Amino acid sequence: MMATTYTYYPGCSAGGVGRAFTESLYAVFERLGAGLEELEDWNCCGATAWPSVDQRQAYALSARNLALAEDRVPGPGPVDLVASCTGCYRALLKAQKALEAATPTSVRLRDALAAIGLEFTGRARVRHPVDILLNEIGLDRIREAVVRPLTGVRVASYYGCQLVRPFATFDDSRNPTSMDRLVEAVGAEPVDWPLKARCCGGSCYCGGPVIGAMPEATMQLSYALLREASKRGADVVVTICPLCEFNLEGFQDRMAKRFGHPLDMPIGFITQLIGLALGIDERALGIHRLLHWRLPERVPAGEEGGVHARA
Amino acid sequence: MLEPESTRPPAPISSNGGPKIGVYVCHCGLNIAGKVDVKAVVEFAASLPHVTVARDYKFMCSDPGQELIQQDLRDGLVNRVVVASCSPLMHETTFRRATAAGGESPSHFQMASIREHVSWVTADGDEATEKAKALVAGAVRRVALHEVLEPRQSPVRPDVMVVGGGIAGIHAALTLADAGKHVYLVERETTIGGHMAKFDKTFPTLDCAACILTPKMSAVRAHPNITLWTFSDVVSVEGFAGDFRVRVRHRPRYVREDLCTGCLACIDACVHKHGKFDDEWNEGLSKRKPIYIPFPQATPPVVVVDRDACIWFKTGKCPRTCVDACERDAFDFEQTETYDEVEVGAIVLATGYRTFEASKMPEYGYGLYPNVYTSLEVERLLNAAGPTNGEIVLRDGSRPRTVGIIHCVGSRDAKHNPWCSKVCCMYSLKLAHMVKERTGAEVYNFYIDMRTPGKGYEEFYDRILKEGVHMVRGRVAGVTDEAASPEEEGHLVIRAEDTLIGSVRRIPVDMVILAVGIEPQPDAQEVRRLFNISCGSEGFFTERHPKLAPVSTFTDGIFLAGACQGPKDIPDSVAQAGAAAAEALAMIDRGHVTLEASTAFIDEAACSGCKTCVGLCPFGAITFDDERRKASVNEVVCKGCGICVGACPSGAAQQHLFTDAQILSEIEGVLEYV
Amino acid sequence: MSEPRFEPRIVAFFCTWCTYTAADLAGISRMQYAPNVRAIRLMCSGRVDPQFVLAAFRDGADGVLIGGCHPGDCHYQQGNYNALRRFELLRLMLSDFGIEEGRLRLEWISAAEGDKVQRVCNEMTEQVRALGPLRLVRGPRRRPRGTSGQAEAERGPGAVEEAELAPVLEMGGREAR
Amino acid sequence: MTKPKVAFYWCASCGGCEEAVVDLAEDVLAVVDVVEIAFWPVALDFKVSDVEALADGELAASFINGAIRTSEQREMAELLRRKSAVVVAFGACAWLGGIPGLANLSSRESILELVYRGSPSTPDGDGVRPREETDVPEGRLRLPHFEETVHTLDQVVDVDYYLPGCPPPVELIRSAVTALVEGQLPEKGSVLAPDVALCAECPRVKTKPADLRVTEFRRPHEMIAEPETCLLAQGLVCLGPATRSGCGAPCIAANMPCTGCMGPTSRVVDYGAKALSAIASLVAAEEEDAVGEVLRRLVDPVGTFYRYSLPASLLHRRVERETAASRGGAEG
């Protein structure tokens, strides 16, 4: 099979809080025969405070990235632009939809691109790695590549807000299951929990729940997630958003103090989990960057452990 | 050989002595004049060939506006009329009548739509004015070539078909039958009654649904003027207003309707000792046997055999105790589909609705949590003839102590159905009342807006409030079994923003009722194709005009009643059914319909007999005379599409009011001047 | 920036039951769209005679749009299929005439799709604008007798015959409006 | 009493129309009995000066065949128009542009380039093209200007009557001459042929099914058609339904489909568009792809539907995108 190479948009978190995500993403894609090539000269996706100041300018930032991707890959086929950070993913996707619509905004954006000698022809499609893993690489290929099935590991997938909202391109916005299917493919056991797409509070943390804008709200939201995951018997929580991961992982001791309940939930990225099952070296997956990571003792197949999602 | 050309197009200058065209530009208040420079359009029109009069007026459709046209016609200033105003679909008939009233042929009229097509859709005033001029020029150029057409009529058959036997169809059928017309009432289920027959009580009076519906159902069955066909559906419709030929398929019940008395002895005798199959009538909340009757008052009271469940059909091995139990020898396992074809003058469509599929909103947990119910399921629980004999109990048999009713499920939702389903607020209040009355539970209603417009409706809301039902104003975010506190353990938790107190609330309940909205029937698109009417992309049938022709359709002779046209409660459905019946009666009692004016015709001398047109006509309106080698159009059957005209390779076929010459002139007109 | 933007003129043939009604809906919904499309109402897209399309081009249209009911939805059951058949062959032929594909478009627009009228009109206007003026050498107006009746004799001042204007037209065509 | 004078002239044509006059055979003598042939370069030795010497309107009729492509043809058409009471466009080329009119699918430049340089049969040389003016010791030689576009006769001069056909059928010529001599001509502008399509006189029409649906088009060389059955019903593109009758359907008799030389009826504005519409309407398929599949077998639609009428069509000629550029090249 010919290896597909995807254009990769790292965004600002890829080298920072999302470093482990980036490392594991590259490693897993490579192992599965898919390449990632960083988009040259990419710029900010505009997901930050831009949209509340000037939505059009925010679109223009993303539009440039989309047009660059088209410019880089010769036509006529579609160009998949893979964005791992869900903030980037949503911002780019939103700009893509704005460009595709027959609206004055679209015309303005195209004019803006023309001013820098770029063009959006509709070939660029923003994709998330989960979408690629599920719908391009496919569960079969992942299952075949598993060398170390994570049998008995109970995994709560946490989707966060932006992967499936406002655009549910490859999964249900209220009851997403795409990560659960990946979890199943690597031999682990998905934990069904009702909070998998509930807000983690990351958006109001702005520097952490202690010094952020609304520390109390953030702490409550994050705590509810961790508590419920642990109540449903999850051994680990995996996510796809660098901000969620940071938020859930980084302040567990403070939450424990605030709510008087001990917390020690391993948090990681779905790509790290997959990478482990594929037998990739832990260091290559950035496991050493995680604060709480550990996998439980294997539970022999057939035995049930932990509390069930539904009685 | 060299005689003059055999065919001439209709003389452009008719008997009335050469075209003198009057152009009337409507302001439509500010609807047109606010954007289009009406004076400039008038000046422009005055410069066009044959235009003798160009005027503008505030409202051309008003009496004084029409009088302007009529006066100019009477004064001999004009003999052809162009009105530049709204869409021809809106007022073409009005102005044709005005033209006729002025003593001119109504076909000497053409409309230019400078409102829907110009002023309402164009941002820039100058551009709008230019576009309006172009459309006026097109109309002027074409009307100069319009021919005189005499309106043609066709008789109307007195019989009527009503499709759908819910409350709307029942009421329409009874009204028509009482007026002495013969009615064929076609229902695809095994009984008439529709959704209403499933309800226990009706809002706001809380009268028993069965008490008011079943007498009407019996009246249908007993009425000498009604032929009731249940378990039947319409398979084809041909013809036109006043003369439809409808083919109806009757599905086999395997029990003869003329013999079965509804004694139900066969059901008791069935080899299945207990129900085993989901009872559709009870929304799957109970089980039935392979031989069953939906409910005791089903009309007709005839049992039906479920072929897919019956052991005899599945294995061919069954003692058939049912047959032995039947004293009337009504069983007929050899029954097959049969067909009837009837000729009717008018058709009333009352095909009803379905409810929103609650599992499409997984956040509300339907199908995930057993104690989340749809409102229709709760209607069945409340119904004394339902699966629990009217008891409100949870799946485990216990009584709920707190119940949450979520309004607008699937309605007013950009992700699902954008419309308000109109009945949910009221039925949710009714359910709140009844649940509270029967169980004493605390009831919470979660609503976005409380919509109670209707006689006695607001008063009903007031009454429910006083009964102590809790009202939480806010859209429910989700239903979850995640317990955030010890009080929530073991309950379902409804999370909603309470916009009246400005905070998010979590309310633990035992039972959730989803007030599912009203949707078009899943096969609405097929049905409308069958009857050649239109519907919105969502599937509700489109009325001819939302205000002025609410029960008519774009196809003459086909009328709408009930929720197939849009969400409606029972009073509205019945009122509309009466209106549809009245419209049908008006058409029948007038005795004739005016036929399509823009029919095709073939110049016999010009026809080479190539037959290109013959096979193209979807309505079989073109016949070919093998002897004379000429095709001709039956103008009564012709519906005026012009397919044959577009295809006729030698120009022998033309279409009244849409001749090649007229359309080519309109093309020139819209391009030539502006 | 002094050069005025080219404003294409597009003639549309809309069937009365679906697309014309949809255009009315767009109006009722106050959906703003490019004023370049001039709709001519026909009873059915099946009435569209390829002569109309060519005549529109000849008379100065830069694009022609045909709008009919969706397949299976025709008020006359078959009309839109006939429109499709003629459109497909016409499209093949127009390319041999050097007329770009984007200048002739067939769209299925149901009575409920006012927004599609808006979108298609905007799209097509931009598409044809990008293609530029058609610059047809307008065939001389020689018609078999009687096809346009007395309108022929009453041609307005805008009419140009190739015999007089052909060199001008071949060099520059219609100026941008 | 002097016999009325008539002229025959050929423009852009193949000579077949002249043959058709000769095909009158001994009837030619009858014609010569009643008219005086004042100009017929193909058959008799006349000079242009002979025509120029005539008084305006002195010719009772000029029969001009061929389309107009060169300045010489245009000048001769104008001269004959001036000298004639009646001008008859003789044959498909003069009426509708004819086969030479298909040159309107190419630019003048590309035609000259192909003929004098590009064609494989042109020997490598100095790439010289004929010049309109050449100075030689004896003086200046002139060639007619080759115009950008082929015109029909009535796009150049006023025409009174049309005789259709490629070439016009002998019967129609005879009737036309008789009518002319007897002063029985119909209304000006008439086409001197029946105004009904060919199916009216086709012997096979009764074998055409009323609900004909074509699933596959075929070309004449791909099959031997069944000799009694409607050719359309056999998948051949027969344009008889769109074409004037009066020819006696000789092509059909020869088992070949009608290609439309007799032109449209009076009710049709654009022959090709109408023929196309009728043929497309016969396609059985309904889905876009399937329709395209059937139509793909219709090779060269312009050549099929406008074989004789491209210059008379609404579009008149192919739209040349690079007109200015190619013109610049032509001068070099």
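The model is predicted. Chain B has an average pLDDT of 93, and its contact with chain C takes 56 residues from chain B and 54 residues from chain C. Helix 1 of chain C gives the largest share of chain C's side of that contact.

**Chain B**

- Chain B has 674 residues, and 53% of them count as buried.
- Its secondary structure consists of 17 helices and 34 strands.
- Along the principal axes, the C-alpha atoms of chain B fill a box of roughly 95 × 70 × 40 Å.
- Among contacts in chain B with a separation of 6 or more, 70% join residues 24 or more positions apart.

**Confidence in chain B**

- A pLDDT of at least 70 is reached by 97% of the residues of chain B.
- Residues 1-15 of chain B stay under 50 in pLDDT.
- For residues 1-15 of chain B, the model has 38 contacts beyond four places in sequence.

**Where chain C touches chain B**

- The contact is made by 54 residues of chain C and 56 residues of chain B.
- On the chain C side, helix 1 (19-28), strand 2 (37-42), helix 2 (50-58) and helix 3 (79-96) each supply at least two residues.
- Helix 1 of chain C supplies six residues, the largest share of that side.
- By class, the side of chain C that touches chain B is made up of 23 nonpolar, 20 polar and 11 charged residues.

**Helix 1 of chain C**

- Helix 1 of chain C is largely enclosed by the rest of the structure, because nine of its 10 residues are buried.
- The buried residues of this helix include Thr19(C), Tyr20(C), Asp24(C), Leu25(C) and Gly27(C).
- In chain B, the buried residues of helix 1 of chain C pack against helix 3 (88-101) and helix 4 (115-119).
- In chain C, these buried residues pack against strand 1 (10-15), strand 2, strand 3 (63-68) and helix 4 (114-131).

**Domains of chain A**

- Chain A is divided into domain 1 (39-127) and domain 2 (150-289).
- The C-alpha centres of domain 1 and domain 2 of chain A are 28 Å apart.
- The contact between these domains takes six residues from domain 1 of chain A and eight residues from domain 2 of chain A.
- On the domain 1 side, the residues divide into three nonpolar, two polar and one charged.

Technical notes
Residues numbered from 1 in each chain as written. Chains lettered and ligands numbered in written order. Predicted model: local features only at pLDDT ≥ 70, side-chain atom pairs only at ≥ 80, totals over all residues. Helix = DSSP H or I, 4+ residues; strand = E, 2+ residues; numbered from the N terminus. Buried ≥ 20, exposed ≤ 12 C-beta atoms within 10 Å, placed from the backbone. Contact = placed C-beta atoms within 7 Å. Nonpolar A, V, L, I, M, F, W, Y, C, P; charged D, E, K, R; others polar. pLDDT = per-residue confidence, 0-100. Domains from an automatic or database assignment.
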